[in-house]
Number of protein chains: 2
Amino acid sequence: MHVRRPATLASLAAELGVSRTTVSNAYNRPDQLSPELRRRVLETARRLGYPGPDPVARSLRTRKAGAVGLLLTENLSYAFRDPAALGFLEGLALACEGAGQGLHLVPVNPERDDVTAVHSAGVDGFVVYSVPDDDPHLAAVLSRPVPTVVCDQPRVEGVDLVGIDDHAAIAQLAGRLISIGHRNIGVLCMRLARDRNDGFAAIARQRTAHFHVQRARLTALAESFETAGVDWARVPVVERFDHSIGSGESAAAQLLDASPEVTALICTSDILALGALNEAKRRGLRVPQDLTVTGFDGIVEAERVGLTTIRQPVLEKGRAAGKLLLASAEHSKPRHITLDTELVVGTTSAPPRTTEERWFGP
Amino acid sequence: MHVRRPATLASLAAELGVSRTTVSNAYNRPDQLSPELRRRVLETARRLGYPGPDPVARSLRTRKAGAVGLLLTENLSYAFRDPAALGFLEGLALACEGAGQGLHLVPVNPERDDVTAVHSAGVDGFVVYSVPDDDPHLAAVLSRPVPTVVCDQPRVEGVDLVGIDDHAAIAQLAGRLISIGHRNIGVLCMRLARDRNDGFAAIARQRTAHFHVQRARLTALAESFETAGVDWARVPVVERFDHSIGSGESAAAQLLDASPEVTALICTSDILALGALNEAKRRGLRVPQDLTVTGFDGIVEAERVGLTTIRQPVLEKGRAAGKLLLASAEHSKPRHITLDTELVVGTTSAPPRTTEERWFGP
DNA sequence: TGTGCTGACCGTAACGGTTCAGAAGCACAA
DNA sequence: TTGTGCTTCTGAACCGTTACGGTCAGCACA
């Protein structure tokens, strides 16, 4: 509670017998009035319980809200649970607080199409993090007359971009697995579109995926393995709508049930990979002897278990997005930033056992 | 980038030859005009690139911003690293998105007194999380004519409150340690005031601590141990400004160097306790045989190592704060919510070894 | 013919500030 | 006297909406 009575700049001015301009100046341009008068203004303000210029009215006039909007695919609360999203948030927060800007988290429901939250966010710009390219919220953001930076998204005409080279990154990982002999692989991936499809993702679905990141990674895998002589059409790809360790577990189970011959499970995120590791353990499969598991992101939990993965600078990504947005007044052409990634070879990958070994032991 | 040319509701109205009211109604009250006209309005809007009513102007007029402000003691980026703060954030986000409200993170620097960010946040209310009672940002928030909910803070006249019974919670823990025989204890606590004091905290400083939570916990410990015959004045209390595992390590080292006779290290947070455990290990002290270590919060990392601690419902706390704030229009009297805590006895606490055992082994 | 009702639309006044081009007053120089 | 420069303060326009209290045409009903 605790609501003060309304006093406005105008009522203060009236009380003091000065113009509104003068009161405004008392707050914003101390050098524009005598120290004595300023003191009186401030003191009267205190007496009347005037809290200083209303931020909304000021924003209207100055066309600045002092905040950056963040649009996520997921429920807000999810963002605080996913390590990669958290890293991004931290980086973005760093950039924002460095510039004294607030961070306005836009509430969205990934399963609903209500974009009013986007329309009613009083912000100076938006950062859009990993939403599908056909997301109505994204469209709503782009329709707003404010600068926007997208992350992990396909290029949008005239919009700043921050991301990594997903294609090259995972191709490097694929190359590694191919070089050590894996040909029977399975893939666990995240949501490919806005509709829920917890199960196998056929090639058509992979090709038309609305999540750029997932599509790029799958495409790169397909190319790499096709080149190595693997028929991609026969590679099982299991998709999960929710991104959680539990999803990784169930997806791995589903895949291994259907394709027990698989020697390597490539996951498009560390979280899924952690789930896959759990499932492998549950089945008594030794990693990496019986099964190779790889992830993507390079979160600390993955590092802890020695996961073979691609490390990407999530924090730096958030920071870059923030900086780009906050500096967008300075450059008129849209800019694209691609950050570096690194293949981290951990203890969850090894050459596949030969068929013989699989039957008779190492 | 991507900035559209400015079209306003007024220019749209002019273009259409209708009143502004009608255009406004086309967006906000479809039932107030004929479907045909509404269609025309919306179509013309699209043609002119009018993005719909400006959120800031609307906020000014309707006196609603559609967002909740969050004020933290720490840098924003820190909030994304501290598990307890994260739980709180998640709960708060849950409440906000449930109500379609945005979450505006206010950027502050704990070591600076610049409160402009508080003054310029266009929000309908504030949640204040764990700031010292003399924090100028808190004062700035209270001066704003919007509802406020404080968390883990001392009662502020007329302000909603959410918290736990810190006194009772830690007294329970103290009782446990006393009952199993500990009399030589040491305490590791978090920042007690806004000034940096990395070292021992004398009783005067403990008593005048500006962080309610820390003060309550120390007071409760003092009372409990005094009652058990311990002279609190001789109990070493080491304070750390930064809240991190590293702080816990160095604080434990400092304390154990000065008071090697200590049999139990009571930490006012799990993070500090995790650091203390590291330091104990480094010194070759076995936990709990040689040293008992306890924490506070009940974060998952603590659970993983079996820390004896007080579990508090951080997520619930955030959610309660959010709900209270969003419902504050409905109740006129300030409300106080106290959530339950639970003593979790883990594997890091045990009776102290006798002096004899200490010298000659168990 | 008059009355009352309804649906569709409009005019005006806020909402609470900031900004910019001056005006008033005064000191100082030429 | 005139002009110049400086400090201090003012008036009015403007930011883009929505709330409020209408108006007005058309129609049913008696």
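This is a predicted model: local features need pLDDT of at least 70, side-chain atom pairs count only at pLDDT 80 or more; totals for chains, interfaces and linings use all residues.
**The interface of chain A and chain B**

Between chain B and chain A, ten residue pairs are in polar contact, both residues of each pair being at pLDDT 80 or more.

Several elements of chain B take part. Helix H4 (55-62), helix H5 (76-79), helix H6 (83-98), strand E2 (102-105) and helix H8 (136-143) each supply at least two residues of the side of chain B that touches chain A. Of these contributions, that of H6(B) is the most, with six residues. Sorted by class, this side of chain B holds 27 nonpolar, 17 polar and eleven charged residues.

The size of an interface is often given as the accessible area lost when the parts come together. For chain B and chain A the buried area is about 4400 Å², and carbon and sulfur atoms give 61% of that area. In terms of residues, 55 of chain B are in contact with 55 of chain A.

Charged side chains also meet across the interface of chain B and chain A, where four salt bridges are found. One salt bridge joins the side chains of Arg63(B) and Asp54(A), with 3.3 Å from N to O.

Strands from the two chains pair as well. Strand E2 of chain A, residues 102-105, lies antiparallel to E2(B), and the pairing runs over three bridges. Within this pairing, Leu103(A) stands opposite Leu105(B). E2(B) is also among the elements that supply at least two residues to the side of chain B touching chain A.

Methods: Residues are numbered from 1 along each chain as its sequence is written. Chains are lettered from A and ligands numbered from 1 in the order in which they are written. Side-chain values use heavy atoms; hydrogens and water are left out. Contact means heavy atoms within 4.5 Å. Buried area is the accessible area (1.4 Å probe) that two parts lose on being put together, summed over both. A polar contact is a pair of N or O atoms within 3.5 Å; within protein, one must be able to donate a hydrogen and the other to accept it, and residues adjacent in sequence count only if both atoms are side-chain atoms. Helices (H or I, at least four residues) and strands (E, at least two) are DSSP runs, numbered from the N terminus. Ala, Val, Leu, Ile, Met, Phe, Trp, Tyr, Cys and Pro count as nonpolar, Asp, Glu, Lys and Arg as charged, and the others, Gly among them, as polar. Two strands pair if DSSP finds at least two bridges between them.
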